[in-house]
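Subject: A structure for you to explore

Hello,

Here is the structure I promised to pass on to you. Please open it beside this email, and then read on for what turned up.

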Amino acid sequence: MSYLRFEKAVMTNLQESLRRELLRTNRSGAYSSSTLVDCNTRKYHGLLVVPVPELDDDNHVLLSSLDCTVIQHGAEFNLGLHKYQGNTFSPNGHKYIREFDASLVPTTTYRVGGVVLKKEAIFQAYEDRILIRYTLVDAHSATTLRFRPFLAFRSVRQFTHENMTASREYKEIDHGIKTCMYAGYPDLYMQFSKKNEFVFMPDWYRGIEYPKEQERGYASNEDLYVPGYFEMPIKKGESIVFAASTSQTKATGLKKLFDDEIALRQPRDNFYHCLVTAAHQFHFRDRRSGSSQELDDNDDRYLLAGYPWFKTRARDTFIALPGLTLAIGERDYFEHVMKTAEKGLRELMEEKPLSVKIYEIEQPDVPLWAIWAIQQYVKDAGKDEGYSRYGQLVYDIVNYIIKGGHPNLRLDDNGLVYSNGRDQAVTWMNSTANGRPVVPRSGYIVEFNALWYNAQKFCAAMLADQGRQEEAQQLEERAAVTKQSFVETFVNEYGYLLDYVDGQNMDWSVRPNMIFAVALDYSPLSQQQMKSVVDICTRELLTPKGLRSLSPKSGGYNPMYVGPQTQRDYAYHQGTAWPWLGGFYMEACLKLYKRSRLSFIERQMVGYEDEIDYHAIGTISELFDGNPPFHGRGAMAFAMNVAEILRTLKLLEKYSYQK
């Protein structure tokens, strides 16, 4: 039985199938995404969505969808599905779906009378090319397939509407056509593995609607341009491969290309394998050396923070990096990403223009998270390898902070680091409304200082291992001052930690950021204080989907991430649950209670496995409502969540073998 398989009853029920999304990526920034029934419900959905750096920094939907029509005895059966204004769905091709299986590649099987047609879709690695294979499994009479491409040629943040500017020109190429609707865009090449007839019949399909945008209070409809249709006969047992790309390929090689790509895929036959595949979807290779599929060490490598709208963010990169690489035995990709990230960190510290595509690297906690990521690498690769590669970077970051190099991370005499976040969000709780942070965390911020203590202790241990005893001792003394001040500043009489302290202003809200003071390798807290923090997180913050961003007992609790965007902004960090925080919580539990908490944590992992086939199949959503039934919300795939679940699975394995 397939792990990601959906029967006809699910696929034909639009309430069930439309909320399930599918994501394919090429590891170079392009992607393909829709619902399981190929009905786009977001403006970010599209069959071929690619970056166009000549235009801007956004992704762009070139090919929105491709409708396939089965023709027998003159009767036409359109397998497509679109939502139009007035809650109208047409042409209702989902009613022909017999099953959907995504265990290897997404495969939809249609039955139209005596015709059984199988459709398989795959994104070519490192190329902006989507491949779809149609196989006529069964037919009792002559069958013809007709394909209508729906073109958008617009940013994922905009809509297209019928206009006189759009070019209708096209040119016939090898088994297909190329076309481009607007100047500045790349040509779109649409080719088939089989010779076909293209019938030029230009038209606009008006009023296509995206309900996910409606939910957010945004504009939600557009018009899509269809230049005509491709038509060709197909025999029983025959396969035809369609390719849409920004470059032309040899049409007769499409079948082999499809087979070669399938051979590279690993089956998603269990929870872990789904997460590994999901981890690879966040890879982003910036092909500076050209479009060759062969990897080049000169190419910059990144981790995208999520899909469909996130780019590469510095904090997300360092938090997600160990889980997406080390936890699945891919140390080489850690090294590739860190090589690119180190370039950015050094440019930051040397006040040079940034040459890498990493956003928000100036945020004050980013260098501290970089040290944490390196710390995980040292545990995985060993001290000799870890110190050799990254020891100088760790040392330089610590001294950069000590010398006051960062413009918004001031080291005070009490050993604590101070950041100004009153007017601009500086932590991971970064939602804003009317230009101001919804959660204005400022001053001595609890996780910043937990990370700073951990960084000093890790660096001191490294220096001691290298025989630099005097420097190690000096740093240990600094860390001791930080430890004392941390306890005096954050620990309160109720057994948990204040979220931030800024002079007389202190936040008594029960928030998950205190868990880092327990989970990190070096904690400034005593054993009893750590247990008290974990107990309060368990009682007030823990959900089956991670830790809540705010306790229900605290003022302003708003756990439902629904409604217009402004309403969502106010709920974003006010009670919603985040799986990546749950990863650090479970690490804290294992650190304190060892094997006695294994079964408890294994049960927690079940809550995540339930998500694999519920929202974006095979991956984990950005966040979840903080109250039952804990619906997944936001971006369909979020790197830090996938990473921390993978890292937790690795920790479970480690503790399971300990006696």
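Strand E5 gives the most to the lining of the largest cavity, with five residues. A cavity here is a set of points, on a 1 Å grid over the protein atoms alone, where a 1.4 Å probe fits but cannot get out, and its lining residues have an atom within 4 Å of a point. Strands are DSSP runs of E with at least two residues, helices are runs of H or I with at least four, and both are numbered from the N terminus.

Before going further, please note that this is a predicted model: local features need pLDDT of at least 70, side-chain atom pairs count only at pLDDT 80 or more, and totals for chains, interfaces and linings use all residues. Residues are numbered from 1 along each chain as its sequence is written, and side-chain values use heavy atoms, with hydrogens and water left out.

**The cavities**

There are two cavities of 30 Å³ or more. The largest holds about 300 Å³ of space, where a volume is the space filled by probe spheres set on the points, joined across faces, edges and corners. Its lining has 28 residues, and Asp 38, Leu 47, Leu 66, Lys 119 and Ile 132 lie nearest the centre. Among the elements that give two or more residues to this lining are E5 (59–72), E11 (115–123) and E12 (129–138). By class, the lining has 13 nonpolar, eleven polar and four charged residues. Here Ala, Val, Leu, Ile, Met, Phe, Trp, Tyr, Cys and Pro count as nonpolar, Asp, Glu, Lys and Arg as charged, and the others, Gly among them, as polar.

The second largest cavity has about 40 Å³ of space. Its lining includes Cys 39, His 82 and Tyr 210, and divides into five nonpolar, three polar and one charged.

**Covered and uncovered parts**

Is helix H6 (residues 314–324) mostly covered or uncovered? It is mostly covered, as eleven of its eleven residues are buried. Buried means under 20% relative accessible area, exposed over 50%, and partly exposed in between (1.4 Å probe, protein chains only).

Now turn to Trp 508, in the loop between strand E29 (505–506) and helix H12 (516–519). Trp 508 counts as partly exposed because its relative accessibility is 35%.

Lys 553 sits in the loop between strand E31 (546–548) and helix H14 (565–571). With 70% relative accessibility, Lys 553 counts as exposed. Lys 553 and Val 510 are 43 residues apart in sequence, and 8.0 Å apart in space, C-alpha to C-alpha.

Enjoy exploring!

Notes
On a 1 Å grid over the protein atoms alone, a cavity is a set of points where a 1.4 Å probe fits but cannot get out, and a pocket is an open set with protein on both sides within 12 Å along at least five of seven lines; lining residues have an atom within 4 Å of a point.
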